[in-house]
Amino acid sequence: MKKRYLFMVAIFLTIASILMTGLNTCQVVAESENGRITVIGNASISATPDHAKISAEVQTLNMDSATSKNENFEIFEKVINSLTEAGIEKNEITLDYFTSYASYDYNNGKNLLGYYTTTDFSFNVENLDETKNLIDTLISNGATVKSINYNLSNMEEKYNEALNLAVENAMTKGKLLGGEKVVEIKEENTYSSPTLYKCYYEGISSNELVGQLTINCRVTVIFE
């Protein structure tokens, strides 16, 4: 009888949790088995990033492979020089990937389209107010912006904050379900990227480039 009562309460709390998702970022799923109650607590918090990583590339296409590479090197050097003038040190720019290959059209035989040369690189931005200016610099000098990944300097601190909320949430709901003694608390792996990708569009302000990071935590608490 007690198990049936706990099961019905668990169903009620789960449904209520789903309905309250828009009002509360913490959700709990609970189940009772063999005299034990397993509660899964989730918590999410948002934070404003304080630095970013910009990834970009220079790509050239020419019917001559050597010309394609030379043009690519020239544009890349121009881009690097423009970044250093904008305040980014050369030793802070990382060359992530380089390739040069022949591209063919196989629809009507094997026709050479040309030789593609691609140089991928990235650098960190400590002052987010400079983000738009750096993106404009890249584009005006022949590079393509691939992504902007925002992050937090105190990511561990924020994660622990979310973790505490998840534990508190699970503990509260577990006690409501009749749990008297904690047997185990386990941190679960969650799919949660600590970065935020935002596309760049002409005409937006630097403040609009920066979004909010969402940090998710999930714990399992077992009660007797």
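Which residues of helix α3 (residues 131-140) are buried? They are T131, L134, I135, T137 and L138, with buried meaning under 20% relative accessible area, exposed over 50% and partly exposed in between (1.4 Å probe, protein chains only). Looking down the axis of α3, you find these buried residues within an arc of 160°, so they line one face of the helix; the arc is that of the directions from the helix axis to the C-beta atoms. As a reminder, an α-helix has 3.6 residues a turn, so residues three or four places apart point the same way. After α3 comes G142, with a positive phi near 105°.

## Ground rules

This is a predicted model, where local features need pLDDT of at least 70 and side-chain atom pairs count only at pLDDT 80 or more, while totals for chains, interfaces and linings use all residues. Residues are numbered from 1 along each chain as its sequence is written, and side-chain values use heavy atoms, with hydrogens and water left out.

The predictor's per-residue confidence, pLDDT, runs from 0 to 100. Its mean over the protein is 80, and 75% of the residues reach 70 or more. Helix α2 (residues 65-85) has the highest confidence, at 97, and strand β8 (residues 196-197) the lowest, at a mean of 38.

Two stretches call for some care. Over residues 2-28 pLDDT stays under 50, and the model has 32 contacts beyond four places in sequence for them; a contact means heavy atoms within 4.5 Å. Residues 192-206 also stay under 50, with 37 such contacts beyond four places in sequence. Where pLDDT is low, the predicted coordinates should not be read in detail.

## Overall layout

The protein has five helices and nine strands. Both are DSSP runs numbered from the N terminus: helices are H or I with at least four residues, strands are E with at least two. Along the sequence, the order is α-β-β-β-α-β-β-α-β-α-β-β-α-β.

Of the 224 residues in the protein, 34% are buried. Among contacts with a separation of 6 or more, 75% are between residues 24 or more positions apart.

Strand β5 (residues 111-125) contains G114, which counts as buried at 0% relative accessibility. Setting aside residues up to four places away in sequence, G114 touches L61, N62, M63, Y101, A102 and S103. S65 sits 49 residues from G114 along the chain, and their C-alpha atoms are separated by 7.7 Å.

T118 is also in β5, and its 6% relative accessibility makes it buried. Beyond its neighbours within four places in sequence, T118 is in contact with E57, V58, Q59, N72, Y97, F98 and T99. From T118 to L61 it is 57 residues in sequence and 9.0 Å in space, C-alpha to C-alpha.

## A helix residue and a loop residue

A66 belongs to helix α2 and is partly exposed, with a relative accessible area of 36%. Its C-alpha is 9.6 Å from that of S100, which is 34 residues apart from A66 in sequence.

L152 is in the loop between β6 (144-151) and α4 (155-176), and counts as buried at 8% relative accessibility. Not counting residues up to four places away in sequence, L152 touches A47, T48, P49, D50, H51, K158, L213 and I215. One of these, L213, is 61 residues from L152 along the chain, with 8.5 Å between the C-alpha atoms.

## The largest pocket

The largest pocket holds about 160 Å³ of space. On a 1 Å grid over the protein atoms alone, a pocket is an open set of points where a 1.4 Å probe fits, with protein on both sides within 12 Å along at least five of seven lines; lining residues have an atom within 4 Å of a point. Grid points are joined across faces, edges and corners, and the volume is the space filled by probe spheres set on the points.

Its lining consists of A86, G87, I88, E92, N124, V125, E126, N127, E130 and L134. By class, that lining has four nonpolar, three polar and three charged residues. Here Ala, Val, Leu, Ile, Met, Phe, Trp, Tyr, Cys and Pro count as nonpolar, Asp, Glu, Lys and Arg as charged, and the others, Gly among them, as polar.
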